[in-house]
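Please consider the sequence and the structure before reading on.

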Amino acid sequence: MIPVTYNLRNLRVRWVTTVMTVLASGLVVWATVLTFGLSDGIQHALRISGDPLDVIVMRKGADAETSSVITAQTAREVSNLPGISKSPDGQPLCSTEFVTILTKPRRNAGGTTNMIVRGVKPIGKLLRPQFRIVEGRDIQLGVNEIVTSRSMAKRFENLAIGEELEINKIAFKVVGFFEAGGSAAESEVWTDLNDLTGARRIQGAISIVNFRATDVNSRNRLIQQLQEEERFKLKAVTEVRYFEDQMSASYAIQFVGYLIGGFLTFGAMFAAANTMYAAVASRAREIGTLRAIGFSRTSVLASFLIESVILCSLGGALGCLATLPLNGLSTGTANWATFSEITFSFRFGPWVLARGVIMALVMGLLGGLFPAMRAVRMKIIDSLRQA
Amino acid sequence: MKSLKYIWRNVMRNKLRSMLTILSIGFSLALMTILCGYIALQDVWGNEAQKYHRIVVMSTMGFSGEVPIAYVDRLRAMEGISAAVPYAWYGGMYKEQQMAFAQFGTDPNHVFNVWSEFKIDPAQLKAFQDDRQACIADRRLAERMQWKIGERIPLQGTFYTFNLDLKLVGLFDAPQNTDSLWFNWYYLDEGLRAKDEPLSGNSGTIFAKTKDANSMAVTCKAIDERFASSDHPTRTQTEAAFAQMFADMLGNLRLYIFVIGMAVVFALTLVAATAMAMSIRERTTEVAVLKAIGFSRWNVLLFVLGESCWITTLGGLMGIALGCAFLQGMHIVASQFVPVSVIDLAGVWLLLLLALAVVIGLVSGLVPAIRAAQFSVVDGLRRVI
Amino acid sequence: MAANQSDALVVVNNVTKEFRRDSFVIPVLLGINLQLARQDYLALMGPSGSGKSTLLNLIAGLDRPTSGEVIVCGTNLGVSSESKLARWRSQHIGFIFQLYNLIPVLTAYENVELPLTLTRLTRRQRDEHVRAALEVVGLSDRLDHYPRQLSGGQEQRVSIARAIATDPTLIVADEPTGDLDAKSGGEILELMRRLNEEFHKTIIMVTHDPNAASRAKRIVHLEKGVLVNTNATPVGATA
């Protein structure tokens with residue numbers, strides 16, 4: 001084996017070329033990882049939204065909360081079923097909610113898009129992971145107040161604390177911001193159930209029932225009962241399933257990620273090959289000398305491949321590192337399943353970064369292969385003679 | 001031009017290196033072409049819509065609000081409007097598949113007056129009008145789903161509680177793939193009313209055609225003012241603005257693509273600059289000879305810049321060709337995602353991409369060119385001796 | 001046969017040249033005085049490092065003296081700007097290098113045409129010049145050959161054709177036979193003699209080969225930056 005320090009020295013000697021190639025491969029890795037960071041962000045938001053014991057009950061045939069309607073009678077019957085968890089003060093952990101979509105303008109002239117407004121009763125907050133008010137205060141019932149998340153306030157007009165959002169000509173005052181562990185709830189505006197249905201002039205309307213089962217067995221039993229029993233005939237799915245089904249938005253972005261990754265890997269691979277060919281050409285004499293000393297073809301091949309991989313891995317590492325400052329940056333896009341905006345944060349988890357590293361390795365190996373083979377094929381005598 | 005030949009020969013001097021640089025730029029710009037093509041795609045509907053002066057009426061609440069069916073007749077009676085139809089998004093499942101294609105409930109008697117540019121066989125239109133359960137589809141959708149005329153198409157409602165049992169009676173041709181199926185709105189509404197559903201009587205949205213383009217803004221305003229104090233106030237906009245709403249829903253797409261694009265462009269500049277610097281370094285003596293013979297610094301600068309621009313432009317051409325081929329391929333195999341042929345998608349943006357390639361050439365060639373122009377003739381010649 | 005300053009083509013007046021390498025100052029030329037008349041043929045001899053190439057570079061307008069003046073064809077080269085010098089070189093100087101320095105990607109024809117592209121000649125006039133120059137060096141049958149397809153002697157002849165194509169006032173040659181075998185070298189030297197006698201070109205040739213130098217009309221020796229016995233007349237001179 002030719003020692004790796006030999007490669008490192010060479011990379012340092014032609015440091016301008018090295019830096020340029022590292023930066024170039026770093027940039028393409030960055031662009032790719034960024035895209036996967038988006039899709040991972042969406043998936044994460046949707047994945048943590050679902051508690052395995054929580055069940056969403058909708059009208060049969062409805063594909064999202066927004067297209068579901070349930071009668072108050074049915075909702076009451078659901079909440080009285082055995083097997084539903086109880087809150088500390090003894091109430092069933094069962095929330096009847098009304099969900100509607102409003103088309104509202106984004107901030108900074110970003111056009112209009114749809115936001116989800118959810119009317120809940122206080123019990124609903126217990127069903128969301130780590131729901132807590134982080135700024136301002138919680139809503140009071142019956143006085144048309146709303147709370148939302150910080151990222152929603154950043155993305156939509158009229159959602160900062162103190163501002164007013166109009167729902168069917170009635171003004172709702174924003175009184176606070178909440179957090180819910182980064183879940184899909186943070187893409188919503190929350191208000192009192194009765195205030196919202198009142199404003200929409202469909203008093204007593206209910207979209208869905210959301211409850212927490214005491215354990216997995218009763219959860220499964222309840223789901224079966226709700227789906228099959230004649231008096232219900234509802235659609236009941238676990239929250240986990242429900243949110244997984246909404247991941248289509250992230251698949252599109254993931255496709256774009258693979259597209260970007262694929263094309264740019266090729267692009268950067270050729271760039272790395274260029275650098276390595278130049279390295280091989282300028283070191284013809286050295287290669288001849290190494291071979292003359294007795295290093296095998298394989299060691300020469302390995303040495304150049306290693307050099308190429310080091311070159312691109314440096315870029316890959318740089319590209320991955322450069323995405324980290326964006327970790328947690330909130331953004332949003334259309335969630336076509338609910339036909340509304342989903343806000344989420346960039347997330348560069350290990351698997352996302354791994355894809356960046358794999359990309360760098362691929363471009364290093366493929367880009368270095370042909371130059372390394374050229375180095376191996378050189379005749380010792382010829383390369384020694386070369387100036 | 002004598003010097004162009006020399007520049008071209010220099011491009012071809014190290015064929016492998018030039019080829020690799022061209023490929024590198026080509027693949028990256030192919031990606032840019034695809035991304036920009038996707039943006040252009042978002043604007044196609046809007047741009048296309050401007051030709052037909054249609055307007056869209058929706059509830060001020062957005063898509064979850066109600067636009068009463070009675071509004072359609074009131075619109076038809078309004079001055080400036082030549083045709084109007086309800087246009088309700090059904091969003092049903094077909095064979096357990098969600099959102100396999102778009103389904104709209106509309107009025108068979110007037111729909112081809114609103115979409116007057118769409119073509120359908122008169123006999124098939126008649127069949128659509130005569131049978132409540134009839135439906136028609138975009139020819140390309142039918143091809144994709146392998147439907148034949150007479151095919152039964154059952155749709156399971158998600159938003160609506162009434163399931164549709166449709167029969168395909170005709171195919172229409174639209175300038176671009178709409179990926180849509182049209183059925184009779186009244187068939188849906190009767191079904192809903194029979195079940196006493198609150199959603200009955202809702203036209204969803206109303207599409208109307210105005211008599212000419214100039215009156216569109218006035219008509220929109222007149223409609224909204226007319227219904228402002230009713231229980232169901234409306235928000236009326238041009239079809240182009242309506243299309244823009246959907247494009248807007250994707251959020252910071254443009255910004256995102258811009259950021260990716262900048263990273264790619266910057267990377268490419270580095271790639272091209274590295275290759276160019278390597279070439280010039282190997283040619284130190286030759287540059288010195290050129291200068292000794294009497295070529296000025298400017299000449300040398302232009303030789304180098306010319307060479308780098310040649311290479312990046314070739315890369316740009318390759319990339320645009322590759323990107324367009326990819327988009328066209330997507331159009332053929334997945335026309336629901338890329339409903340438009342590249343020919344219709346092409347525009348100034350392709351030229352801008354090519355210009356971008358030239359700019360990358362200029363910027364990447366600049367440092368090597370300046371170095372070549374500046375280094376001393378005497379030093380350059382000394383290396384020979 | 002020292003020429004009068006007035007009709008001298010090349011006047012080198014008390015020229016010194018120093019190079020700086022980091023903090024070192026290396027004096028290369030120490031007060032050179034030299035004059036060259038039209039149609040003269042001067043051989044500049046001296047051991048390696050004596051400064052002969054440096055002097056040649058100064059006369060060819062590739063470099064500027066540290067002090068003193070170099071006046072060639074009536075132009076004071078020390079005070080001219082870089083771009084002016086480039087134009088001046090294209091009009092007045094023809095170069096012949098030891099390693100020929102042809103552009104490898106251009107054919108013999110195109111190499112000779114290269115300096116002509118800097119002139120205002122039409123395409124046709126350029127063609128005439130190129131063919132005439134290649135005719136002189138006897139390579140009319142090698143127009144479309146690339147440098148790598150030519151022998152060393154042929155390459156040097158192409159380079160001579162390139163040097164004379166623009167009809168320059170002064171031809172400077174730096175070891176023109178240094179890389180050639182005896183036979184090819186002899187041919188090149190004969191060619192240069194013809195340029196001087198038949199075409200009345202003024203030539204300065206740097207060489208350390210006494211045989212080559214003996215073909216010139218005049219020889220000067222440079223040793224450690226100083227000219228010695230400037231008036232020595234070569235054996236074979238026909239003056």
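Domain bounds here come from an automatic or database domain assignment. The model is predicted.

Q: What distance separates the centres of domain 1 of chain A and domain 2 of chain A?
A: The assignment for chain A gives domain 1 as 4-47 + 247-385 and domain 2 as 54-214. Taken over C-alpha atoms, the centres of these two domains of chain A are separated by 45 Å.

Q: Which element gives the most to the side of domain 1 of chain A that touches domain 2 of chain A?
A: The contact takes 13 residues from domain 1 of chain A and 16 residues from domain 2 of chain A. On the domain 1 side, α2 (15-49), β11 (330-335) and β12 (340-345) of chain A each give two or more residues. The element that gives the most, with five residues, is β12(A).

Q: How many nonpolar residues has the side of chain B that touches chain A?
A: In this interface, 39 residues of chain B are in contact with 43 residues of chain A. Elements of chain B that give two or more residues to it are α2 (15-49), α9 (239-249) and α10 (253-282). By class, this side of chain B has two charged residues, 14 polar and, as nonpolar residues, 23.

Q: What is the radius of gyration of chain C?
A: Chain C comprises seven helices and 10 strands. The globule rule gives 18 Å for 239 residues, and the value for chain C is close to this, so chain C is as compact as a globular protein of that length; its radius of gyration is 18 Å.

Note on methods. Residues are numbered from 1 along each chain as its sequence is written. Chains are lettered from A and ligands numbered from 1 in the order in which they are written. This is a predicted model: local features need pLDDT of at least 70, side-chain atom pairs count only at pLDDT 80 or more; totals for chains, interfaces and linings use all residues. Two residues are in contact if their C-beta atoms, placed from the backbone, lie within 7 Å. Helices (H or I, at least four residues) and strands (E, at least two) are DSSP runs, numbered from the N terminus. Ala, Val, Leu, Ile, Met, Phe, Trp, Tyr, Cys and Pro count as nonpolar, Asp, Glu, Lys and Arg as charged, and the others, Gly among them, as polar. The radius of gyration is taken over C-alpha atoms; the globule rule is 2.2 Å times the number of residues to the power 0.38.
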